[in-house]
Amino acid sequence: MIRLKTLIVEAAPVNEITKDNLENAKKIVNGLVSRGFTTLEAAALAGNMSVESSVNGKWFTTSAQDRAGAYGLMQWQGDREKAIKAYAAYKGKSSTDLSLQLDFVKFELKDGYLLYPGDTSKTAKEQLIPGIPVGLVYIVNGSGKPTKPRVFTSADTEVKRFKKSIKGSVSDTTTALCTNTFRAGTPHIDRRISNATAIYNYIQKNGSSTEEQPKTKTKNDTESGNVYIVKSGDTLGGIANKNKTTVDAILKKNPGLNPDKLSIGQKIKL
């Protein structure tokens, strides 16, 4: 089910690590951090993405597609490409939308393609997004019917591959992610490490990717139940992750809430 892809990547431009690319990398890192990744994880992912989705020296081309058919920031291929396109259709967005692709990175690497990650009481019908290959998400029986989510078993999954890739340094994490998560046929590992290190250092000096720290609940947080107040850089997916809930659950409690038009100071019931 998990395949090694053959990726044909252009040669790295001499001036690849540019201010524009680093500024775009900052947006990627901040977007991933808001979705529950650490700065180190996000920088290592971004370093890999910078090579995967580079077109004419421009990093993070969400529509990038190689001659083998791999697609997007992470050059998803095969069942994983089917999964992101089904996810985009479910969300009603273009599969080339940057925010959508970052949401999908979390959905794939943190949630195991489950709408209710961690909830063992949900049925396959409740957990699965139509169009995502069932075998990518569930163990299937001889009749092809889903039995148990792969993340709840000893089966190989993208979630487990991601977790085992997290090391103590940006370079080691970047290398492990290249092998375990990106699985590039032509790795250009020195380029990935160089870009990831430059991104991480740039964020430390110029970024705003400080990970969200647990806060003490105040009266405002709990009035009329548990209420979250939107801050700069928040996404609905990130809010759901930080509060151990799901986007769908938040939307049910907040009729009319537009996840694409959050405003700073807006109150959301959890």
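This briefing describes the overall make-up of one protein chain and then some of its residues. The model is predicted. The chain has 270 residues, 49% of which count as buried, and its secondary structure consists of twelve helices and four strands. The mean pLDDT is 86, and 86% of the residues reach 70 or more.

**Confidence along the chain**
- Over residues 1-14 the pLDDT is below 50, and this stretch has 47 contacts in the model beyond near neighbours in sequence.
- Residues 209-224 also have pLDDT under 50. For residues 209-224, the model has 21 contacts beyond four places in sequence.

**Surface and contacts**
- Among contacts with a separation of 6 or more, 58% are between residues 24 or more positions apart.

**Aromatic rings and charges**
- Eight aromatic pairs are found in a search of the whole structure.
- The rings of Phe-104 and Tyr-113 have centres 6.1 Å apart. Their planes meet at 50°, so this pair counts as tilted.
- Phe-104 has a relative accessible area of 0% and is therefore buried. Tyr-113 is also buried, because its relative accessibility is 2%, under the 20% limit.
- Ring pairs join Phe-104 and Tyr-113 with Trp-76, Tyr-87 and Phe-107 in a cluster.
- Lys-85 places its charged end over the ring of Tyr-71, at 4.7 Å from the ring centre.
- Lys-110 has its charged end over the ring of Phe-37, with 4.8 Å to the ring centre.

**The loop between α2 and α3**
- α2 covers residues 39-52 and α3 covers residues 79-91, and Leu-73 lies in the loop between them.
- Leu-73 counts as buried because its relative accessibility is 0%.
- Beyond residues up to four places away in sequence, Leu-73 touches Ile-28, Met-49, Glu-52, Ser-53, Phe-60, Thr-62, Leu-98, Gln-101 and Leu-102.
- One of these residues, Leu-102, is 29 residues from Leu-73 in sequence, with 8.6 Å between the two C-alpha atoms.
- Phe-60, another residue that Leu-73 touches, is found in the loop between α2 and α3. Phe-60 has a positive phi of about 60° although it is not a glycine.
- The relative accessible area of Phe-60 is 10%, so Phe-60 is buried.
- Asn-56 is found in the loop between α2 and α3. Its phi is positive, at about 55°, although Asn-56 is not a glycine.
- Asn-56 counts as exposed because its relative accessibility is 71%, over the 50% limit.

- Ser-169 is in the loop between α7, residues 158-165, and α8, residues 170-182.
- With a relative accessible area of 24%, Ser-169 is partly exposed, because that class lies between the limits of 20% and 50%.
- The side chain of Ser-169 makes a polar contact of 3.3 Å with the side chain of Ser-171.
- The side chain of Ser-169 also reaches the backbone nitrogen of Asp-172, at 3.1 Å.
- Ala-44 is 125 residues from Ser-169 in sequence, and their C-alpha atoms are 9.1 Å apart in space.

Terms used: Residues are numbered from 1 along each chain as its sequence is written. This is a predicted model: local features need pLDDT of at least 70, side-chain atom pairs count only at pLDDT 80 or more; totals for chains, interfaces and linings use all residues. Side-chain values use heavy atoms; hydrogens and water are left out. pLDDT is the predictor's confidence in each residue, from 0 to 100. Contact means heavy atoms within 4.5 Å. Helices (H or I, at least four residues) and strands (E, at least two) are DSSP runs, numbered from the N terminus. Buried means under 20% relative accessible area, exposed over 50%, partly exposed in between (1.4 Å probe, protein chains only). A polar contact is a pair of N or O atoms within 3.5 Å; within protein, one must be able to donate a hydrogen and the other to accept it, and residues adjacent in sequence count only if both atoms are side-chain atoms. Rings of Phe, Tyr and Trp (its six-membered ring) pair if their centres lie within 6.5 Å; planes under 30 degrees apart count as stacked, over 60 as edge-to-face and the rest as tilted. A charge sits over a ring if NZ of Lys or CZ of Arg is within 6 Å of the ring centre and within 35 degrees of the ring normal.
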